[in-house]
Amino acid sequence: MEIIQIVGIGLIAALLVILVREQKPQFAFLITLFTGVFLFLLVIGKIGAVIEVINELANRSGIPDVYLKTILKIIGIAYVAEFGAQMVRDAGQESIASKIEFAGKIFILVLAIPIINVIIETLLSLLPLGSS
């Protein structure tokens, strides 16, 4: 029932932000920032168990480690970029948040190129080449 704790922390933080925002907006943002980081740290430990299961499945299926590591990096970049963008959005900086999301997408694309290359090479090897 950790989700109840997380929701409780979120509700308390939201109430504090509402109470503090009018008098000290910078403190309201700091409460938001620290709450976000704290909640992120609470759930990051759960990722280890998921990675273990994915590793086991990949080992049994014969998927090379390099592809699994790349996919996990891509997932990590997506989560970190989204978290960062949300925190910046909370500060009222929509433009910077959009740039963080864009940078995350570029990093994901760069990491995905080797996987895309293998997929295209595999597809090309399956297609009959040349004319009859």
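# Helix packing and buried threonines

User: What does Thr70 touch, not counting residues up to four places away in sequence?

Analyst: Thr70 touches Leu111 and Ile115 when residues up to four places away in sequence are left out, where contact means heavy atoms within 4.5 Å. This is a predicted model, in which local features need pLDDT of at least 70 and side-chain atom pairs count only at pLDDT 80 or more, while totals for chains, interfaces and linings use all residues. Residues are numbered from 1 along each chain as its sequence is written, and side-chain values use heavy atoms, with hydrogens and water left out.

User: Why is Thr70 called buried?

Analyst: Buried means under 20% relative accessible area, exposed means over 50%, and partly exposed lies in between, with a 1.4 Å probe and protein chains only. Thr70, which lies in helix α3, has 13% relative accessibility and therefore counts as buried.

User: Which residues is Thr35 in contact with, leaving aside its neighbours within four places in sequence?

Analyst: With those neighbours left aside, Thr35 is in contact with Ile9 and Ala13. A polar atom of the Thr35 side chain also lies 2.7 Å from the backbone oxygen of Ile31.

User: Why are α2 and α3 called roughly antiparallel?

Analyst: The axes of helix α2 (residues 25–61) and helix α3 (residues 65–90) cross at roughly 165° and come within 11 Å. Angles under 35 degrees count as roughly parallel, over 145 as roughly antiparallel, 65 to 115 as roughly perpendicular and the rest as oblique, and α2 and α3 are therefore roughly antiparallel to each other. The residues of the contact of α2 with α3 comprise eleven nonpolar, four polar and two charged.

User: How do you know that α3 is roughly antiparallel to α4?

Analyst: The axes of α3 and helix α4 (residues 94–126) are 8 Å apart, and the two helices pack at an angle of about 175°, which means that α3 is roughly antiparallel to α4. Their contact has 17 nonpolar, four polar and five charged residues.

Conventions. Axes are lines fitted to C-alpha atoms, for helices over the stretch in contact, and angles run from 0 to 180 degrees between N-to-C directions. Helices (H or I, at least four residues) and strands (E, at least two) are DSSP runs, numbered from the N terminus. Ala, Val, Leu, Ile, Met, Phe, Trp, Tyr, Cys and Pro count as nonpolar, Asp, Glu, Lys and Arg as charged, and the others, Gly among them, as polar. A polar contact is a pair of N or O atoms within 3.5 Å; within protein, one must be able to donate a hydrogen and the other to accept it, and residues adjacent in sequence count only if both atoms are side-chain atoms.
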